[in-house]
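Here is a short tour of one protein model. Keep the sequence and the 3D view open as you read.

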Amino acid sequence: MDIDSSAEQPDLSPMLASRGQRFGALLLELLLAVATLVIGWLIWSLIVYSRGQSPAKQVLKMRVIRLESSKAADWRWMALRDLVLKAAVIFLLSGVFLLGIIWIIVNGIVLLNNDRNQTVWDKMLKTVVISDPHNLFKPAPPPRHPQAG
């Protein structure tokens, strides 16, 4: 018997990060990557991805939420979102200046023209970014193994 889990999922609309917050997070992400010579940013990212955050999202108390479950994106989803879709596309297209500009424009148009303030990679992975200053969507730590004895 299938249970409709959508009735249990919270309404994320009031918590959605604004377009300004999303743009600010992008600028902070770039600043942090430059300031840490990308290596520090990458290590920091690999640590906070399990919480549905990137370094800038952690600083700004934002979190990536999967729409299907209304839970924070896990490490795999964040790595796919940030390292594969976002970073790879940006780095590959920035090598061809015109394509990089076109990509930025397309991503900006997508962000401005939807009610969930999603970017292209959010739409592809069915995620949203919320403001989570009280850590309401912070994933629970994995259970510890009980000691034998």
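What joins the side chains of Lys86 and Asp82? A polar contact of 3.4 Å does. Such a contact is a pair of N or O atoms within 3.5 Å; within protein, one must be able to donate a hydrogen and the other to accept it, and residues adjacent in sequence count only if both atoms are side-chain atoms.

This is a predicted model, in which local features need pLDDT of at least 70, side-chain atom pairs count only at pLDDT 80 or more, and totals for chains, interfaces and linings use all residues. Residues are numbered from 1 along each chain as its sequence is written, and side-chain values use heavy atoms, with hydrogens and water left out.

**Salt bridges**

The whole structure holds seven salt bridges. Each has a side-chain nitrogen of Lys or Arg within 4 Å of a carboxyl oxygen of Asp or Glu. Here are three of them.

| Pair | N to O distance |
|---|---|
| Arg22 and Asp122 | 2.9 Å |
| Glu68 and Arg66 | 2.6 Å |
| Asp82 and Lys86 | 3.4 Å |

Asp82 and Lys86 sit four residues apart in helix α4, about one turn of the helix. Helices are DSSP runs (H or I, at least four residues), as are strands (E, at least two), numbered from the N terminus. Salt bridges with shared partners join Arg22, Arg81, Asp82, Lys86 and Asp122 into one network.

Is Lys86 buried or exposed? Lys86 counts as buried because its relative accessible area is 14%. The cut-offs are under 20% for buried, over 50% for exposed, and partly exposed in between (1.4 Å probe, protein chains only). Arg66 is also buried, at 17%. Both Arg22 and Asp122 are buried too.

Leaving out residues up to four places away in sequence, Lys86 touches Lys57, Arg81 and Trp121. Contact means heavy atoms within 4.5 Å.

**Nonpolar cores**

In soluble globular proteins, nonpolar side chains tend to be buried together. A nonpolar core is a set of buried Ala, Val, Leu, Ile, Met, Phe, Trp, Tyr and Cys residues joined through side-chain atoms within 4.5 Å. The largest one here has 14 residues. Among those with the most contacts inside it are Leu32, Trp41 and Val64. Two or more residues each come from α1 (19–35), β1 (62–66) and α4 (75–94). Helix α1 gives the most, with four residues. Another core, of seven residues, lies apart from it and includes Leu16, Ile65, Ala72 and Ile130.
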